Amino acid sequence: MKIIGVDVFRYTVGYAHGTYVMSGDRVAATEDGTVVRVRTDEGIEGWGEVTTLGKTYLPTFPAGIRTALKDLALALLGADPRNLSKVNRIMNATLMGQEFAKSAIDIACWDIFGKSLGLPISALIGGVINERFPIYEAVPLDRPEAMGEFVKARRAAGINRFQLKVGNNPFDDIARTKASVNAGNDQTIIVADSNGGWSLASAKLAIQGLAGFPVYVEQPCRSTIDCILAHRGSALPLVLDESIVNQDEVYRAKYEANAVSINLKFGKLGGLTNTVKIRDLMQELNLAVSVEDMWGGDIITAATSHVAATTRPESLLMTPFFNDWTDGHLAGYLPRSENGFGSAPKGPGLGIEIDVDRLGSPLFTIA
């Protein structure tokens with residue numbers, strides 16, 4: 001089997017609850033999504049997606065991703081998409097870094113691999129051991145009472161795991177967290193996620209103020225070293241995210257930062273291949289696993305669900321169904337969550353069918 005063409009599409013991904021707000025007053029109502037279709041000489045197509053969360057969240061942006069995709073796609077023409085190791089070697093020999101662009105191609109090649117065998121991706125990355133897993137939802141940064149009401153409303157829909165967006169004034173963030181905790185029960189899992197938005201001083205104040213709350217704190221500062229310093233002396237369980245981008249840093253997260261979990265994102269790791277490798281390492285190191293991407297719709301939700309379904313149930317801390325948060329329904333709003341739980345599609349590859357008409361014409365084609 002050979003790759004004979006790569007089509008790159010653009011689509012708009014809107015937030016289902018109005019406006020999404022993060023630390024530093026970073027606001028998203030819609031995002032600029034990039035979808036990749038990899039075509040083969042045997043007629044099998046694979047789909048991947050990378051949708052950024054603005055241009056100042058992680059070091060990437062849509063135009064840069066699309067420019068990188070031109071070089072990567074050209075280099076992959078004639079390659080066997082089922083040979084994921086070779087695909088990634090070709091991409092790494094073509095461009096240093098640019099993991100966000102590589103991620104969409106890697107996911108599309110996994111989709112082809114599964115389809116070529118008539119098996120879901122979950123069967124190819126270890127097998128399903130988590131048939132039905134709890135999903136989380138992010139709570140946009142807002143007034144404390146509004147965030148508490150958001151938690152109550154989503155709990156009524158079956159969600160009982162939440163990632164609170166904090167990272168502004170530390171005293172306001174303490175109040176936000178308290179209101180959200182009070183809106184839950186003793187089974188509610190809450191992660192106060194600064195997305196690296198606190199300064200070192202603010203992070204120390206916030207973490208001290210959260211002492212005794214039944215919460216995790218996630219990525220308090222931009223760098224791992226500042227997260228280590230901010231968290232020093234705290235009993236709150238620490239989750240790292242944006243600053244962990246390779247396997248070496250997983251060891252640092254555990255043994256230097258005393259983190260209990262890392263939030264894995266396809267985009268920052270270069271796709272499903274590396275995400276699964278690091279997920280497996282984390283499980284062996286007895287770290288809790290969180291897996292997602294920056295943003296997205298049905299395609300990213302399907303990819304996430306396959307990783308979540310093959311993760312040990314006792315290890316899985318947080319995973320979302322982004323297509324509940326967004327209107328990125330390119331596959332008919334599938335996979336679909338139910339009462340706060342998700343499962344992986346059972347069809348071959350990603351297990352979803354893309355409605356190409358919703359995408360329109362490609363931005364460009366490499367063939």
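Biologist: Is Lys277 buried, partly exposed or exposed?

Modeller: Please note at the outset that this is a predicted model. The general idea is to compare the relative accessible area of a residue with two cut-offs: under 20% is buried, over 50% is exposed, and partly exposed lies in between. Lys277 has a relative accessible area of 45%, so this residue is partly exposed. Lys277 belongs to helix H11, which spans residues 272-284.

Biologist: What does the accessibility of Val289 make it, buried or exposed?

Modeller: Val289 counts as buried, because its relative accessibility is 0%. This residue is part of strand E13, residues 288-292. Leaving aside residues up to four places away in sequence, Val289 touches Ser261, Ile262, Arg279, Met282, Gln283, Thr311, Ser315, Leu316, Leu317 and Met318. A separation can also be stated in two ways: Val289 and Ile278 are eleven residues apart in sequence, and 9.5 Å apart in space from C-alpha to C-alpha.

Biologist: How many residues does the largest nonpolar core have, and which have the most contacts inside it?

Modeller: The largest nonpolar core has 118 residues, and Tyr20, Val250 and Leu272 are those with the most contacts inside it. The element that gives the most to this core is helix H3 (residues 99-117), with nine residues. Not counting residues up to four places away in sequence, Tyr20 touches Tyr15, Arg26, Val27, Ala28, Leu53, Ala138, Pro140, Lys165, Trp295 and Trp325.

Biologist: How does one describe two packed helices?

Modeller: Two packed helices are described by the angle between their axes and by the distance between the axes. In this model, helix H5 (residues 144-156) packs with helix H6 (residues 170-182) at an angle of about 30°, their axes being 8 Å apart. H5 and H6 are therefore roughly parallel to each other, since angles under 35 degrees count as roughly parallel. Their crossing is right-handed. On the H5 side the contact is made by Pro144, Met147, Gly148 and Val151, and on the H6 side by Asp172, Ala175, Arg176, Ala179 and Ser180. By class, the residues of the contact of H5 with H6 are five nonpolar, two polar and two charged.

Biologist: At what angle do helix H7 and helix H8 pack?

Modeller: Helix H7 (residues 200-209) and helix H8 (residues 224-231) pack at about 40°, with their axes 8 Å apart. H7 and H8 are therefore oblique to each other. The crossing of H7 and H8 is right-handed. In their contact, Leu200, Ala203, Lys204 and Ile207 of H7 meet Asp226, Leu229, Ala230 and His231 of H8. This contact of H7 with H8 holds five nonpolar, one polar and two charged residues.

Biologist: How are H2 and H3 oriented, roughly parallel or roughly antiparallel?

Modeller: The axes of helix H2 (residues 84-94) and H3 cross at roughly 160° and come within 10 Å. Angles over 145 degrees count as roughly antiparallel, and H2 and H3 are therefore roughly antiparallel to each other. H2 passes H3 in a right-handed crossing. The contact involves Leu84, Val87, Asn88, Met91 and Asn92 from H2, together with Lys102, Ile105, Asp106, Cys109, Trp110 and Phe113 from H3. Seven nonpolar, two polar and two charged residues make up the contact of H2 with H3.

Biologist: Let us turn to the backbone. Which phi value does Asp25 have?

Modeller: Asp25 has a positive phi of about 55°, although this residue is not a glycine. Asp25 is found in the loop between strand E2 (20-22) and strand E3 (26-28). With 55% relative accessibility, Asp25 counts as exposed. Asn258, which is also not a glycine, has a positive phi near 60°. The loop that holds Asn258 runs between helix H9 (247-255) and strand E12 (261-265). Asn258 is exposed, because its relative accessible area is 53%.

Biologist: Is the peptide bond from Leu334 to Pro335 cis or trans?

Modeller: The bond from Leu334 to Pro335 is cis, with omega near 0°. Pro335 lies in the loop between helix H13 (322-325) and strand E15 (341-342).

Conventions: Residues numbered from 1 in each chain as written. Predicted model: local features only at pLDDT ≥ 70, side-chain atom pairs only at ≥ 80, totals over all residues. Heavy atoms only, no water. Core = buried A, V, L, I, M, F, W, Y, C linked by side-chain atoms within 4.5 Å. Buried < 20%, exposed > 50% of the residue type's maximum accessible area, 1.4 Å probe, protein only. Helix = DSSP H or I, 4+ residues; strand = E, 2+ residues; numbered from the N terminus. Contact = heavy atoms within 4.5 Å. Axes fitted to C-alpha atoms, helices over the stretch in contact; angles between N-to-C directions. Parallel < 35°, antiparallel > 145°, perpendicular 65-115°, else oblique. Left-handed = near helix turned anticlockwise from the far one by under 90°. Nonpolar A, V, L, I, M, F, W, Y, C, P; charged D, E, K, R; others polar.
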